[in-house]
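Subject: Structure for your review

Dear colleague,

Please find below the structure I wished to pass on to you. I would be grateful if you could read the notes that accompany it.

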Amino acid sequence: MQKISNYINGQLIEPVGQTYLNNYEPATGKVYSLIPDSDERDVELAYKAAADAFPAWSITSAEEKFKIMMKISSLIEQNLESLAQAESKDNGKPISLARIMDIPRSASNFQFYAQAITQFSSEAHQMEQSFLNYTLRQPIGVVGCISPWNLPLYLFSWKIAPAIAAGNCVVAKPSEVTPMTAFLLSKICIEAGLPPGVLNIVHGNGPKTGMSIVAHPHIHAISFTGGTTTGANIARIAAPMFKKLSLELGGKNPNIIFADCDFDEMIATTVRSSFANQGQICLCGSRIFVERSIYDKFKTAFVSKVSKMQVGNPQDENTKMGAIVSQSHFEKVLSYIDLAQQEGGTVLCGGKAVQLEGDLKDGWYISPTVIEGLAYDCRTNQEEIFGPVVTITPFDTEEEVLKMANSVAYGLSSSIWTKDLKRAHRMASLIQAGIVWINCWLIRDLRTPFGGIKNSGVGREGGFEALRFFTEPKNVCLKL
Ligand code: NAD
């Protein structure tokens with residue numbers, strides 16, 4: 001069985017304790033590879049390699065970093081098909097999605113930050129003719145990057161690329177649920193000539209490997225994407241150590257549909273924004289609010305389209321709905337469908353586990369589920385499910401829908417559908433979310449600030465925001 005290795009000091013090595021965790025293929029529910037069960041000894045090796053590499057990397061020219069990062073990006077592009085296959089097998093996502101979204105975006109992340117670092121600058125403040133202040137933006141040192149399973153290589157590289165572009169050396173941990181493409185990335189980094197120790201990838205679970213990174217006394221910044229509860233645990237350890245923290249956490253995003261929207265475009269996009277990646281994208285809109293005058297029309301059209309979505313083998317070219325990432329997540333999603341019914345909801349379509357045939361019979365599949373008839377403040381409508389489950393709720397006024405949309409503890413993203421631009425801007429300014437899409441969804445310009453408010457996180461990624469996070473500003477004041 002294939003064994004994944006840690007990537008430390010430019011080499012692929014076994015974990016010190018020589019123990020491994022099982023890695024499951026969601027499509028079949030079977031173990032197909034082994035992941036290092038790393039502990040604090042592996043994190044210490046990774047830290048030492050990063051600390052040794054830092055003096056040289058921190059003064060490497062932007063041009064040199066650009067060349068290496070562009071090489072990584074082009075190797076990801078050259079290996080697109082094998083990386084997409086690996087991502088689909090590891091995560092259960094449709095191969096078509098991995099091909100058009102996950103892997104191309106991972107290449108773009110390296111390309112974008114290779115270029116961004118050549119454009120990054122800092123400020124100068126002159127005080128009349130007597131003093132000049134200028135701000136240095138210096139790399140922090142060794143930083144930790146921890147990422148989740150839903151967009152494995154995409155979100156892993158979204159952290160690593162700005163961290164190394166800014167001159168830091170990294171100890172990174174991908175999710176133990178989907179470690180494969182991070183492992184393949186380590187091979188690409190070796191081939192691209194990334195100096196040993198600049199990036200170290202330590203595999204293992206959260207409480208042991210992840211926490212060893214978070215609690216390490218000399219890793220001074222943590223960039224984390226994952227669940228809100230995990231984020232709170234990380235903050236509890238990191239904050240008293242005065243670490244810089246970037247936390248991208250959970251969501252419960254509203255999708256607000258007014259009667260005057262372009263109906264066909266809205267329906268097509270709403271099917272995607274509800275169920276892309278089996279609803280396991282932090283930006284999916286899981287609470288759909290529909291203006292009452294088109295509620296019945298929406299319900300009929302939406303349910304008709306969703307009922308036709310076939311759950312299938314993720315590796316099949318035509319599959320649009322693949323497997324749920326793990327058994328525990330599969331059980332969690334099903335338990336929320338039960339809860340919704342206990343809370344008085346009516347399942348309009350889906351609502352069940354699906355058993356496929358042959359090798360896939362033990363895989364974790366759930367049909368896309370639409371539920372109506374729930375109060376906006378019930379648990380189903382307040383807690384993150386992070387699966388192929390959406391609720392639909394009618395509304396009458398802007399005030400009412402804003403109250404319902406903003407009632408959750410989260411504030412990551414939102415969508416608004418209307419042709420009335422004044423209303424769109426008004427709603428955009430009042431909605432409690434870090435990201436608002438008007439008449440579209442998941443359009444991503446990598447220069448824009450990315451992140452959430454309330455329990456959806458602290459800080460922003462994207463563009464120069466990430467380069468600012470991964471550098472310390474130092475003001476120098478000079479008497480003229
Ligand atoms: P998770 O919090 O369980 O795990 C995320 C990562 O943290 C994994 O690598 C895990 O091993 C690690 N981890 C777990 N416990 C840890 C600990 N105590 N110390 C250090 N590291 C620890 O999240 P998940 O289930 O992998 O991902 C799903 C969640 O991620 C959802 O809540 C989703 O909304 C969120 N998410 C947010 C964004 C965003 O940009 N805001 C993007 C994607 C996913």
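This is a predicted model: local features need pLDDT of at least 70, side-chain atom pairs count only at pLDDT 80 or more; totals for chains, interfaces and linings use all residues.

Residues are numbered from 1 along each chain as its sequence is written, and side-chain values use heavy atoms, with hydrogens and water left out.

Helix packing

Helices (H or I, at least four residues) and strands (E, at least two) are DSSP runs, numbered from the N terminus. Axes are lines fitted to C-alpha atoms, for helices over the stretch in contact, and angles run from 0 to 180 degrees between N-to-C directions.

The axes of helix H2 (residues 62-78) and helix H4 (residues 95-119) come within 8 Å and cross at roughly 170 degrees. H2 is therefore roughly antiparallel to H4 (angles over 145 degrees count as such; under 35 is roughly parallel, 65 to 115 roughly perpendicular and the rest oblique). Their contact (heavy atoms within 4.5 Å) includes Phe66 and Met69 in H2, and Phe110 and Tyr113 in H4. The residues of this contact divide into twelve nonpolar, five polar and two charged (Ala, Val, Leu, Ile, Met, Phe, Trp, Tyr, Cys and Pro count as nonpolar, Asp, Glu, Lys and Arg as charged, and the others, Gly among them, as polar).

H2 also meets helix H6 (residues 180-192): the two axes come within 9 Å and cross at roughly 130 degrees. That angle makes H2 oblique to H6. On the H2 side, the residues in contact are Ile68, Lys71, Ile72, Leu75 and Ile76, and on the H6 side Leu185, Ile188, Cys189, Glu191 and Ala192. Eight of the residues in the contact of H2 with H6 are nonpolar, none polar and two charged.

The sheet

Three strands form an open sheet in the order E6-E7-E25, with antiparallel pairing (two strands pair if DSSP finds at least two bridges between them). Its edge strands are E6 (124-127) and E25 (471-479), each of which pairs on one side only. E6 pairs with E7 (residues 131-139) over four bridges, and Gln126 stands opposite Leu132 in E7.

Phe289

Phe289 lies in strand E14 (residues 285-291). Phe289 is buried, with a relative accessible area of 2% (buried means under 20%, exposed over 50%, partly exposed in between, with a 1.4 Å probe and protein chains only). Although 103 residues separate Phe289 and Ile392 in sequence, their C-alpha atoms are 5.8 Å apart.

Yours sincerely
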